[in-house]
Amino acid sequence: MKKKKLNLRDIKPNSETEHNHDDGHNHSETQNGFKVYIPAIISFAMLIIGIALDYFNVTFFKDWIRIVWYGIAYLPVGLPVVKEGWKSIKRGDVFTEFFLMSIATIGAFVIGEYPEGVAVMLFYAVGELFQSAAVKRAKGNIKALLDVRPNEALVYRNNDYVSVNPESVVIGEKVQVRVGEKIPLDGILLSEKGSFNTAALTGESKPDTIAKGEKVFAGSINMDGVIEIETTKEFKDSSIARILDMVQNATARKSKTELFIRKFARVYTPIVVFLAIAVTFLPYFFVDDYVFRDWLYRALIFLVISCPCALVISIPLGYFGGLGAASKNGILFKGASFLDAMTKVNTVVMDKTGTVTKGVFKIKDVVNDSTFAKTDFMKYLMAMEEQSTHPIAKAIMEYKAEGSDFDATNVTEIAGKGLKGLVNGKTILVGNKALMTSNSIDVPSETDTIVESIVMVGIDSKFAGYITIADELKEDAHQAIKEIRESGISKIIMLSGDKDSITQQVAKELGIDWAKGGLLPEDKLNEVEKLKAQPDTKVAFIGDGINDAPVLATSDVGIAMGGLGSDVAIETADVIIQNDQPSKIARAIKIGRSTRSIVWQNIVLAFGVKIIVLILGAGGLATMWEAVFADVGVALLAILNAVRLQKMKWQ
């Protein structure tokens, strides 16, 4: 069956989504406010009143009136569970938590323990409400996170550009994109040319200049003037819709722990049913003063205690709480299995451009000959670059916001070398070393050792100086490496398609253990496969471009930068950092470890309490109230423990 694609309109303030428990029971996360609490409130009120009437031995509260009263109290919370148990039986799945709850509580009514029967179902219903609220909160975090992504497109309709939701744009429509805006849908450029930040798509730090008729991709940033595109894909096929689809279906990928507990519960449940039957009837052959009602009561207690609610509810919720906590922090895990996988990572491999660097050009150094003042040197340079549309020219023009008061004339472009023109009557050359030497200008030898991109300037046949252009480190790059080390990662490696000299320089500046540049996608793949072949090595790879997709797929955990990341990288990765901050990597590791810790706390709590009360119940030392605590009470504690994940501070 074809998988339904989701979009942002699928999640609305008054809609319903369902969290499926694999056993056929759906916890409806209706956002209908107070209504969902009414059944539990009715049952709770009637239970408290009934217990009070019993305690004070009120005359009229006897016989059939008492049975009817507790029966009505039972129905709002018990009937849905009995129905689910019956549905499961019809599907051939007899031994479920709903079957156990049903026979235990109905049995309690049969032997006259009405308050206990109501209490078991009431506490179960309260646990369901806790779980529903926790799931709703986690999905709310995810929705809020996705809502900050681009959500409008300027479409040409009825002789005017109108702002619409990208979902309503059809293939072939004309869309206008202003400077600094993200391309909302894939398309073809209609304008003569445009400059785009495509670092996420290509892995190159240089912005890409696109000509009319060429493809532009959703996620690229328009850097130069207002442009027009013709759409070639619908919004549902964009990276935004795919991310939402991934998040909505994240719980489909179960962790090994979660899968084990579910399988265990399927075997464990029929065993305890037959043990309960044995507790009821076997003592007849060994106990002199055997009383059927007493041993049936013990068996019912045994059933209530043995119900695997605390496990099958709290453990998936623990992982879902981890997913929600991560999404609240701008990290999207595609499934619980990757929360677990993140805890085992001991080697982090990362791309350079777009991962620890911004993927944009900035002037790093200005070195001018003493013959020219620095101010005049930059004015000559800017006057020339003002005539160019090259991305490097834009970086130079941003160096001084006020621009140049010099004017360039007769500017010509010399292919592969640079520009030549006149400024204030002086002949100006701006470009690379080849341009200088072809015009008989001597270039200082120091420029040969510079690893960054370099722009040289010649004035009237004399070398006037140079500037270096470099891709800028992200603000949190140093912090990211520091925190990754503090999280216990033993090895940090950088693999990049950029020049090896630049890669080595960035790695040295950040304190990365080992680096290699000038790599093709297949080279990166080979390096990661070598690492994975080493004993006890679990690799997380962080990248953002199409060229990183093979490595993201091969690594134990693939992490993509989602803010500007390519569709392919986002779809291939297991974890997505929404705002492109590398410091979130260490946070993802911490969330994974905390989630696993809480899940195991819940497992130990559930089994520990159950074993103790099971022994007491079989021996007649525990009442139905202890059974209620051992089952639903423990489930509640486990749920509250799981909810802690969303309250934790990860700074």
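Two notes on the model first. Residues are numbered from 1 along each chain as its sequence is written, and side-chain values use heavy atoms, with hydrogens and water left out. Because the model is predicted, local features need pLDDT of at least 70 and side-chain atom pairs count only at pLDDT 80 or more, while totals for chains, interfaces and linings use all residues.

Let's start with the rings. The structure holds 11 aromatic pairs. Rings of Phe, Tyr and Trp (its six-membered ring) pair if their centres lie within 6.5 Å; planes under 30 degrees apart are stacked, over 60 edge-to-face, and the rest tilted. Take Phe61 and Tyr70. Their centres are 5.9 Å apart, with 65 degrees between the planes, and the pair is edge-to-face.

Next, charges over rings. The rule is NZ of Lys or CZ of Arg within 6 Å of the ring centre and within 35 degrees of the ring normal. Lys174 puts its charged end over the ring of Tyr156, 4.6 Å from the centre. Arg298 lies over the face of Trp295, 4.0 Å from the ring centre.

Now the hairpin. Helices (H or I, at least four residues) and strands (E, at least two) are DSSP runs, numbered from the N terminus. Strand 3 (residues 153-157) and strand 4 (residues 160-164) run antiparallel, joined by five bridges. Two strands pair if DSSP finds at least two bridges between them. Ala153 stands opposite Val164 in strand 4. Two residues sit between the strands, and Asn158 takes a positive phi near 55 degrees.

On to salt bridges. There are 16 in the structure. Each is a side-chain nitrogen of Lys or Arg within 4 Å of a carboxyl oxygen of Asp or Glu. Arg178 bridges to Glu181, with the closest N and O atoms 2.9 Å apart. Arg178 is partly exposed at 35% relative accessible area, and Glu181 is partly exposed at 24%.

Which parts does the salt bridge of Lys358 and Glu472 tie together? First, the contact: N to O is 3.5 Å. Lys358 lies in strand 14 (residues 357-368) and Glu472 in strand 19 (residues 462-473), so the pair ties together parts that are 114 residues apart in sequence. Lys358 is partly exposed at 27%, and Glu472 at 30%.

Lys482 and Glu486 make a local contact, 2.9 Å from N to O. Both lie in helix 14 (residues 477-486), four residues apart, about one turn of the helix. Separately, salt bridges that share partners join Asp351, Lys524 and Asp548 into one network.

Last, the surface. Phe34, Tyr37, Ile38, Ile41 and Ile42 form a nonpolar patch with about 450 Å² of accessible area together. Patches take residues with over 30% relative accessible area and no salt bridge; like charges are joined within 9 Å, and nonpolar side chains (Val, Leu, Ile, Met, Phe, Trp, Tyr) within 5 Å. Areas come from the Shrake-Rupley method with a 1.4 Å probe, and for residues only the protein chains shown count as cover. Ile41 lies in helix 1 (residues 38-55). Ile41 is partly exposed, at 40% relative accessible area.

Methods. Buried means under 20% relative accessible area, exposed over 50%, partly exposed in between (1.4 Å probe, protein chains only).
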